[in-house]
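Here is a short briefing to read alongside the sequence and the model.

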Amino acid sequence: MKNYLYISTSGDGWTNLGTDEWFLEHVAADEMVLHFYINQRAVIIGRNQNPWAECALAAMERDGVQLVRRITGGGAVYHDRGNLNFSFIAGSQRYDQERQLGLILEAVRALGVPCAFTGRNDLTADGRKFSGNAFCKRRYVQQHHGTLLVDADLEKLSEYLRVDPRKLVSKGTKSVRSRVCNLRQFRSDLTTDMLLGAIVEAYARQYGDYAALKSADLPWAEIEPYVRKHASWAWRLGETPRFDLEIENRFPWGGVQILLTLRQTRVEEARVYSDALDTELPGEIRERLLGCRFGSEPMAEALERSPNAQAREVATYIRDQGL
């Protein structure tokens with residue numbers, strides 16, 4: 001069993017997320033990589049989110065803020081130099097989500113900040129979120145990555161993200177700014193380097209010896225296609241959706257937006273966006289609806305045949321709409 005540590009100095013969101021994906025496809029079943037990176041100003045959206053709805057794209061372009069789409073599910077987040085990002089990539093013999101989350105909590109507590117794991121994927125301090133986590137699996141390798149707000153510009157977070165007000169209501173909060181926090185609010189001298197060092201120490205305690213990888217050790221000729229993918233227009237934005245009807249709702253596990261194109265009373269195309277952690281859900285909904293006769297009852301019946309419990313919840317909502 002081998003443990004690795006890689007601390008990126010790139011600062012480029014497309015490079016860092018491309019490298020993260022390369023690790024996911026090249027780690028052995030008995031290996032683990034802990035990857036750290038800090039991005040320059042960027043908005044990171046989930047794999048199945050609609051950037052036109054989630055982001056203030058004009059403001060981002062004006063201010064030189066990168067749009068980055070990750071391969072995992074979940075919602076949009078803002079990154080800057082005050083945000084430390086971590087990624088555990090481990091083979092099936094090594095991956096342990098509870099242990100990994102515990103390692104992060106151990107490191108934060110060692111710095112004097114009381115914290116806890118709450119909700120779907122959040123780490124909180126004093127009831128406010130300082131870290132969101134997301135997950136992915138390919139073949140025998142799994143990934144768990146997340147953000148850690150140390151001293152991020154939370155005003156910019158509000159400026160570049162468009163948060164569905166229903167999401168705020170469900171959490172009983174009034175704004176993005178009020179429900180997140182920087183860890184530096186709990187320890188005024190805290191830096192990203194201090195937090196990174198504490199997590200690395202916890203990693204060594206829990207997993208033993210590790211090999212520290214340097215940029216020169218990585219096969220950049222192999223990684224470059226992943227970086228190009230993450231930088232591409234097709235991956236980040238794609239084409240502006242064209243549709244005849246929108247169905248949208250927020251469920252306890254996340255929001256779903258379905259854009260339907262109809263032809264002769266049937267669903268000719270369906271674009272499905274979601275911030276749910278289940279990255280397979282949008283594809284499952286789309287597959288069930290394509291070719292289906294338009295109307296609440298036939299579309300609900302199609303989704304009710306899905307083995308996915310969340311897709312069946314969407315079916316119940318569509319039936320109630322009386323389309």
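Buried means under 20% relative accessible area, exposed means over 50%, and partly exposed is what lies in between (1.4 Å probe, protein chains only). This is a predicted model, in which local features need pLDDT of at least 70, side-chain atom pairs count only at pLDDT 80 or more, and totals for chains, interfaces and linings use all residues. Residues are numbered from 1 along each chain as its sequence is written, and side-chain values use heavy atoms, with hydrogens and water left out.

**Cysteines**

- With a disulfide taken as a pair of cysteine sulfur atoms within 2.5 Å, the count here is 0 disulfides.
- C55 is buried, at 0% relative accessibility, and the closest cysteine sulfur to its own is in C136, 20 Å away and so too far for a bond.
- C181 is buried as well, with a relative accessible area of 0%; its sulfur has C115 as the closest cysteine partner, but the 10 Å between the sulfurs is too far for a bond.

**Aromatic rings and charges over them**

- Rings of Phe, Tyr and Trp (its six-membered ring) pair if their centres lie within 6.5 Å; planes under 30 degrees apart count as stacked, over 60 as edge-to-face and the rest as tilted.
- Searching the whole structure gives 9 aromatic pairs.
- One aromatic cluster is formed by Y6, W22 and F23.
- A charge sits over a ring if NZ of Lys or CZ of Arg is within 6 Å of the ring centre and within 35 degrees of the ring normal.
- R99 places its charged end over the ring of Y207, 4.0 Å from the ring centre.

- Helices (H or I, at least four residues) and strands (E, at least two) are DSSP runs, numbered from the N terminus.
- Axes are lines fitted to C-alpha atoms, for helices over the stretch in contact, and angles run from 0 to 180 degrees between N-to-C directions.
- Helix α1 (residues 13–24) and helix α9 (residues 220–231) have axes that come within 8 Å and cross at roughly 120°. This makes α1 oblique to α9, given that angles under 35 degrees count as roughly parallel, over 145 as roughly antiparallel, 65 to 115 as roughly perpendicular and the rest as oblique.
- The α1 and α9 crossing is right-handed; a crossing is left-handed if the near helix is turned anticlockwise from the far one by less than a right angle, and right-handed if clockwise.
- For helix α11 (residues 281–289) and helix α12 (residues 296–304), the axes come within 9 Å and cross at roughly 130°. These two helices are therefore oblique to each other, and the crossing of α11 and α12 is right-handed.

- D126 is found in the loop between β8 (122–125) and β9. Its phi is near 55°, a positive value in a residue other than glycine, and D126 is exposed, at 63% relative accessibility.
- R128 belongs to strand β9 (residues 128–138) and is partly exposed, with a relative accessible area of 22%.
- Between the C-alpha atoms of R128 and L161, which are 33 residues apart along the chain, the separation is 18 Å.
- T265 sits in the loop between β13 (254–263) and β14 (266–274). The phi of T265 is near 70°, a positive value in a residue other than glycine, and T265 is exposed at 56% relative accessibility.
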